[in-house]
Each structure stands twice: as structure tokens, then as C-alpha cells.
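Here is a short briefing to read alongside the model. Have the sequence and the 3D view open, and follow along topic by topic.

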Amino acid sequence: MLYIVASIVSNTPKMLRNSLIVIGIFIIIAFLKVLYQKYVGFDFAEKRWLYIDRAATTHILSTGIRYFSYFTDAANFGTCMGGVAIAYSIIGLNTRNRRLAIFYFSIAVMGAIGMLLSGTRGALAVFCLICKSLRTFTISAGVSIALFFFFAFTDIGNSNQFIRRARTAFRPAKDASFNVRVENRKEIALYLQKHPWGVGLTEDIPKM
């Protein structure tokens, strides 16, 4: 529904530009929030979610902290910021207005840094084909292969928590959050055997 409405409303260059600026402002707020989490700390509600609701098992790891800004979790934050980094980089390269181009590139940089702070390795696997150019495809494939070998078969840069965290995506057996997801899949599989369509909202959650 949001996609349809956005397509109808953003039907002029001016409206699209204004939408990009508004989204950029939200990204700035998200970026400032994640910097606050990193350099000042988590607030009361965030600590409750991490330690009482046990989200710390997938966010406070030996490889580093997965920051999430004001998003529901680090995965959503990292995916969004990764997409922003790609989209605003492309838009910035195709914007003639110098001030707007600087703004778009600034948002792209914030997106890239935010993705790294989230520790979301899935965003590293996103492979974007931005055109049909064989040259662009060859360069992108070469860079991707080089990154794969760097993370999968070397220990270079392990002293840096972001590189160390990213490397666990290529060594899942040693990754705590991956193992938690494996256990969650097992529990959900048992649950779906008796409730394939779910149970909706209820106070009495059926035991698996």
C-alpha cells in the first residue's frame, strides 16, 4: 500500500526531491541516535529490551555491539542504512545541483557508517546491478570476489570490531546470532506443525 501511494504522490521531480530531503532528515536523526548509543550509551527502555527481553543475545556479542538507533533491531537498521547508502550515492552522482549532491552524498556516508555500526552482515551480501554495462558488472563481480576471499580466507584486520563482526558472516558456525536463528527456526518448525496458519492475537500462547 505504501509503495502504491508513494508512486502516486511522488509524480513530479519537485515532489521526489522533497521526499528525498525528508527521508534524508530522518536518516540524519537515526545517525545521531546511533552515535549517541555508541559514545554515550543505551537509554532505560533500550537496556530493558536488551537485558530483560534478552535481545542482548543477538546484539551484545563477543565480536562487538550491534547498534540499532531508533529501529526495531540492528538487522532492520543495517538493511535500511545499507539501502540508503546505495540509493543516495546513485542519486548524488546524477544530481547537477551541487548543494543537493553534497547533501545526498552526506546521507550516503551516514548510511554506510550506520550499516557498519549495526553489524548487519546480510547487507554486505547485497549485490546491486545498477546498469547493463558489462564493464560495470565485471568490476562489481571482481570487487565482490575479492571481498569474499578477504573475509572468508584471511584474518586481516581482526583487531577492528567492524571487520571482525563482518567476517562472522562467512564463518556462521562461530557466530552467536546465527546460532540463535538456527534454534529459533527449529522451534518455529515445531510450532507450525500444529498451527500452520498461526493463532492470531491471544493471551494464551500454545506450548510447542
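Ile156 counts as exposed because its relative accessibility is 55%; exposed means over 50% relative accessible area, buried under 20%, and partly exposed in between, with a 1.4 Å probe and protein chains only. The model is predicted, so local features need pLDDT of at least 70 and side-chain atom pairs count only at pLDDT 80 or more, while totals for chains, interfaces and linings use all residues. Residues are numbered from 1 along each chain as its sequence is written, and side-chain values use heavy atoms, leaving out hydrogens and water.

**Around Ile156**
- Ile156 sits in the loop between helix 7 (134-153) and helix 8 (161-167); helices are DSSP runs of H or I with at least four residues, strands are runs of E with at least two, and both are numbered from the N terminus.
- Leaving aside residues up to four places away in sequence, Ile156 touches Phe150, Ile163 and Arg167, where contact means heavy atoms within 4.5 Å.

**Helix 2**
- Helix 2 (residues 13-39) has 27 residues and should span 39 Å at 1.5 Å a residue, which agrees with the 39 Å between its end C-alpha atoms; the expected span is 1.5 Å times one less than the number of residues.
- Its buried residues are Leu20, Gly24, Ile27, Ala30, Phe31, Lys33, Val34 and Gln37.
- Those buried residues of helix 2 pack against helix 3 (44-52), helix 5 (74-93) and helix 6 (98-118).
- Just after helix 2, Gly41 has a positive phi of about 135°.

**Helix 5 and helix 6**
- These two helices pack at about 155°, with axes 7 Å apart; axes are lines fitted to C-alpha atoms over the stretch in contact, and angles run from 0 to 180 degrees between N-to-C directions.
- Helix 5 and helix 6 are therefore roughly antiparallel, a label for angles over 145 degrees.
- The contact includes Phe77, Met81 and Tyr88 of helix 5, and Tyr104, Phe105 and Met115 of helix 6.

**The whole protein**
- The protein has nine helices and two strands, in the order α-α-α-α-β-β-α-α-α-α-α.
- Of its 208 residues, 27% are buried.
- Among contacts between residues at least 6 apart in sequence, 52% join residues at least 24 apart.

Definitions and conventions: Parallel < 35°, antiparallel > 145°, perpendicular 65-115°, else oblique.
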